[in-house]
Amino acid sequence: MSDKEPRASLLVLGASFLFFPLVLCGLALALYGHVTNGAIIRFANSLLTSYTIASFLLLFSLFVYGDKRKRPIAPLVGMLGAALVGVMVSFMFLSQGDLLMEANGSIRAQALSNIIRFSTTLIAVFISALLVGGISFASLMNSPTKQHIFSEEE
Amino acid sequence: MEETVLAFFFFWVPGFITVMGALMFLFTKSSGTSRAGQILVGVGLLAILLAPWTIPFSPSSSFGHFIGSIVGPTALIAVGIYNLSFSGNVPIGRLSASERRSGIIMIMLGVIWFEGMHWWILTPTYPNEVNGYWFIFWSTTLLVSTGLATGAIMLTRQVGVNRIQEQRLLTVVLVMLVSLVLLGFAFDGPNVDAKQFAHEFWLAGADVFGMLVGFSLAILMFAFVIAFYESQLPEPSRLPAPTKDELTVAAEIIAAHTDGGSLDE
C-alpha cells in the first residue's frame, strides 16, 4: 500500500473501479440522448431482486453459522424476516401500475423476468472476473522467478 | 398440460435445483453432500439448456438458449487461462510448453467467438430475433470488465512491487475493451444496432449498480441480525476469584517447573 495516506489510497482504488464504466456511460449519453429510458426502473428492479435473493442466500449460510452456536432459531427468523420484507416490497412496488413494470403482462411475469435478468448479470460479472482475474493471475504465474530476498552470504 | 405448469417443471424447478446444488457444494464439508451438489448442478444446467426444446413456447426458454450460446467461448477461455497459468513458474504439476501455447490459442479463440457474436453472424438469435439476454450479458461483460481492469491496474500499482509486466498486460486488455465499447457505440454490427448497444450499455450500468446496492443492503441486514442476536446472549458465568491457598499451590507448581533446582539434590 502507498505510504502517503491509506484512506486516500483506498478511495483512489475504489474510484478506479468506477471510472471507466461511468465515463463510457456518459459517452453513450452524449452520443445518443435517449439511452437513459427505463434506467431508473431497471436500477430499482435490480436492487430489489438482488437484495431479496442475497438475503435468502445469506439465510442459507446461517445454517453453517448455526453449527457453531447450538442451532439458534432467532437469527434464522430475523434473516427470514429481512428476506420476506424484500419479497413484499418488490410485490408492493410491482403492483403500483407502471411504477416498476416493464414489457411484461403481469406482476408474476415481471418478477420472474427480474430473476432471469439478475442471473444473466451475475453470469456476466463472473465471466468478467474470470477474464480479467484470470489474465492477471496467468501473468503473475508466468513472470520471471524473483531472487530470494534473504540469500545466503557467500 | 398448461404451459405455465410445464415451464415451472422444465425451467424453474431445474433452476432451483442448480442453485441448491451450488449451495450444497459450497457450504458443506461432507464429501458425499458436496458430490450430490455437483450432480444437482449438472442435472439442473442440462435441463435449462434443453429448455428451447422442452418449453419452446415459454419466454424463459430464451435464457436456456442464451446459456447454450455462451458455454463454448466461456469454456475455451476458462480452460485456456488454466493451461496458461499452470504452465508458468509452478513448482509441482507444471504443464508443458505445448499446453501453454494451446492455452493462449484457446483464450484468443474464446474472445474472437464472443466478438463474432457482436460483429459477425454468430449473434445468438432466438427464435427469429437477437436473444435479449445476450444483449444484457454482452454489455454487462464489457462494462464490468473495463471497471475490473482499471481496478486491477491500480491495485498492482499500489500493492505490487515490480509488477510492470502485469500492469502493461492489463493496460492492453483495458485499451482493447474500451476500443470494443467505442466501436460498438460508433458502428452497427450485422445484427446489433449501435444506438441499441448504447442503450443496453446504460441499462447494464443500472443493473450492475442496482445489484451492488442490493447486495450491500442484504449484507448490512445480515450483519445487523447477527450482531443483535450476539448482543442478546447472556454473559458467560464467571468463576470465583482464587483463594490464598489455591494461589500458593499454583505458585509452588509454577516454581517446580521453572526453577532449575539446587545442586545438593
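Taken over C-alpha atoms, the centres of domain 1 of chain B and domain 2 of chain B are 24 Å apart. The domain bounds come from an automatic or database domain assignment. This is a predicted model, where local features need pLDDT of at least 70, side-chain atom pairs count only at pLDDT 80 or more, and totals for chains, interfaces and linings use all residues. Residues are numbered from 1 along each chain as its sequence is written, while chains are lettered from A and ligands numbered from 1 in the order in which they are written.

**Exercise 1.** Find how domain 1 of chain B meets domain 2 of chain B.

*Solution.* Start with the bounds: domain 1 covers 1-58 and domain 2 covers 61-125 of chain B. Next, count contacts (C-beta atoms, placed from the backbone, within 7 Å). Eight residues of domain 1 of chain B are in contact with five residues of domain 2 of chain B. Then look for helices (DSSP runs of H or I, at least four residues, numbered from the N terminus). On the domain 1 side, helix H2 (31-49) and helix H3 (51-54) of chain B each supply at least two residues.

**Exercise 2.** Describe the contact between chain A and chain B.

*Solution.* First, the count: chain A gives 66 residues and chain B gives 63 residues. Now the elements: on the side of chain A that touches chain B, H4(A) gives the most, with 21 residues.

**Exercise 3.** Which residues does Phe201(B) contact, leaving aside neighbours within four places in sequence?

*Solution.* In chain A, the partners are Leu24(A), Cys25(A) and Ala28(A). In chain B, they are Ser139(B) and Leu143(B).

Key: Two residues are in contact if their C-beta atoms, placed from the backbone, lie within 7 Å.
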